[in-house]
Amino acid sequence: MVTNEQENGATTWTVADTKNLTIEGERSSGTLIAKASGRIDGSNAREFQDALETFLEGESSSLVLDLENLSYISSAGLRVILLVSKKLQKSSAQFGVCSLSVSISEVFQISGFDKIIKTHNTRADALSAING
Amino acid sequence: MEPPYKILVVDDEPDLEPLMLQRMRRDIRKGQYEFVFAHDGNEALDCLAAHEDVDMILSDINMPGMDGLTLLEQVPKVDPEIRAVMVSAYGDMKNIRTAMNRGAFDFVTKPIDFEDLRVTIDRTLRHMAEWRDALATRDKLVAIQNELSVAQKIQLSVLPTEFPTSDDYQIDGRMEAAREVGGDFYDVLRLDNGKVGLAIADVSDKGVPAALFMMSTLTLLKGSAIGLGAPGAVLTEVNNLLEEENEAAMFVTLLYAVFNPSNGLLTYSNGGHNPPVIIHPDGGSTLLPATEGIALGVAPDYEYDESSVTLSPGDTLVLYTDGVTEAMNAEGEEFGLDRLCRVLSESPSGSAKDTNSIIFDAVREFAGETPQSDDITCLTFRRSES
């Protein structure tokens, strides 16, 4: 993880910035939030996976994946989301994705992923669902 | 390449060995260099055979027995990656030229300036390290290419190229593989009572693991389709079998449909795949209504629903993968479902084969020079006019 910057008192990190994809991380009252911007396809799915795994390393926190600025995700990217979800499930941590654009939302609906991954309209919704 | 670097020094002058050890003592003590000595070419070759880890050679040219120029010719036969630096009398341009032409990496002149020698040795070792890195990278690339070609062979070997023919329908399937192997496939199954099964699928991920996952999906599908028949039950069974041993969280979007020629009924179940398009004889198009399925391999015990539509005479059903709708042009726009429907509506009455050609031509024209990033696959089924 590269940068540390202060933004409204919250610490954010740039977890990965590579091949059309940026992942920024931050923490909100014990829950980790990763924001993916750009596109995720076969050419950078590996980096996406590495970034999330690095981000979660040594943590038992729940994770929200914010996809607001994601313009495209291929099946290789969905697979990474599924892997992360399974991993978190094993450690009894919660996982959700939020702020899906219309096209990303369609991908989740067509593939049926909206039935196995919790999706939320906004980051606030996701956080309140996780923190009860 | 890690220090200490082993340097083979070849010279017939007995004084050179103690001198070299003395002048290079700091580098030896720091663990940077290690020296082995030989006194002519023959001894040097024996030495190379005994010490496989020699990194470079520093050799005199004029020696009794085998001289340095002959040695230069022999070294590549032992190890083509070793570099040699030649030592020659100042002004001996003729021999130096010959040595360079025979592949020497560099030369130093006598009397040896040890500071210059150290710079030359370091430059040679740096070059060798880069060269070995490049070779290792090339080997890796070759291995990846081999793996991809294995995956591509698996993929191509399972796709049918001949299709059942009947007065009631025509079928045509086509796939254009991306350079990096994906995991698209289609299949056509002859079932009892003249029914025909149609499948299209897209495996997440690429390479050999994806190709193997695709193989097992296809095998399980064939078995279930013949045993169970009903598309919803088929997907439910295939999903459970795939999910059992799936640590890698791979998945496959799969649509399976059965057409009954006696009444034109198409019964289908959709496991997370793109919705197929039906083109009617008047050029209008409809999407096959969704059946609420999840991609296969990830959700155990999920019950897949099925649904039915009647294909009227002259209707054409187009099953496709996202390689079609997500093909991109230079502006980064996607081909899209709307464009697919528009293209198809312009020639609703072609044969199944014509319809596939129209789709592939349109995608190619749209994408232009933009490289294809995913497999492009279509399975087209046309119910005959009457």
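Predicted model: local features only at pLDDT ≥ 70, side-chain atom pairs only at ≥ 80, totals over all residues.
Where in chain B is the place of B:Pro111? B:Pro111 sits in the loop between strand 5 and helix 6 (114–158) of chain B.

Residues are numbered from 1 along each chain as its sequence is written, while chains are lettered from A and ligands numbered from 1 in the order in which they are written.

**Chain B in outline**

Chain B has 11 helices and 15 strands. Both are DSSP runs numbered from the N terminus: helices are H or I with at least four residues, strands are E with at least two. Of its 386 residues, 37% count as buried. Buried means that 20 or more other C-beta atoms lie within 10 Å of the residue's own; 12 or fewer makes it exposed, and in between it is partly exposed, with C-beta atoms placed from the backbone. Take the contacts in chain B between residues at least 6 apart in sequence: 69% of them join residues at least 24 apart. A contact here means that two C-beta atoms, placed from the backbone, lie within 7 Å.

Helix 3 (residues 41–50) of chain B has the buried residues B:Gly41, B:Ala44 and B:Leu48. Seen down the helix axis, these fall within an arc of 55°, so they line one face of helix 3 of chain B. (The arc is that of the directions from the helix axis to the C-beta atoms.) An α-helix has 3.6 residues a turn, so residues three or four places apart point the same way. Turned away from the buried side are the exposed residues B:Asp46, B:Ala49 and B:Ala50. The cover over the buried residues includes strand 1 (5–10), strand 2 (33–38), strand 3 (54–60) and helix 4 (68–78) of chain B.

**Strands side by side**

Two strands pair if DSSP finds at least two bridges between them.

| Strands of chain B | Sense | Bridges |
|---|---|---|
| strand 4 (83–89) and strand 5 (106–110) | parallel | 5 bridges |
| strand 14 (316–320) and strand 15 (376–383) | antiparallel | 5 bridges |
| strand 8 (196–203) and strand 9 (252–260) | antiparallel | 8 bridges |

The chain gets from strand 4 through helix 5 (residues 93–101) to strand 5 of chain B by a right-handed β-α-β crossover. Right-handed means that, with the strands pointing away from the viewer, the path from the first strand over the helix to the second runs clockwise.

Next comes an open antiparallel sheet of 5 strands in chain B, ordered 6-15-14-11-12. Its edge strands are strand 6 (169–176) and strand 12 (285–287) of chain B, each pairing on one side only. Within this sheet, B:Val318 stands opposite B:Thr380 in strand 15 of chain B. Helix 11 (residues 352–367) of chain B packs on the sheet and touches strand 6, strand 14 and strand 15 of chain B.

Another open antiparallel sheet of 5 strands in chain B has the order 7-8-9-10-13. Strand 7 and strand 13 (307–310) of chain B each have a single partner strand, so one side of each is left without a neighbour in the sheet. B:Val188 belongs to strand 7 (residues 184–190) of chain B. Is B:Val188 buried or partly exposed? B:Val188 counts as partly exposed because it has 18 C-beta neighbours inside 10 Å. Leaving aside neighbours within four places in sequence, the contacts of B:Val188 include B:Pro160, B:Phe163 and B:Val196. B:Val196, in turn, stands opposite B:Phe259 in strand 9 of chain B.

Most residues other than glycine have a negative phi, and most peptide bonds are trans. Back to our proline: a cis peptide bond joins B:Lys110 and B:Pro111, with omega about -5°. A:Ser99 has a positive phi near 55°, and lies in the loop between strand 7 (95–98) and helix 3 of chain A. With 22 C-beta neighbours inside 10 Å, A:Ser99 counts as buried. B:Glu292 has a positive phi too, near 65°.

**Where the chains meet**

14 residues of chain A are in contact with 17 residues of chain B. Helix 2 of chain A gives the most to chain A's side, with 7 residues.

Note on methods. Axes fitted to C-alpha atoms, helices over the stretch in contact; angles between N-to-C directions.
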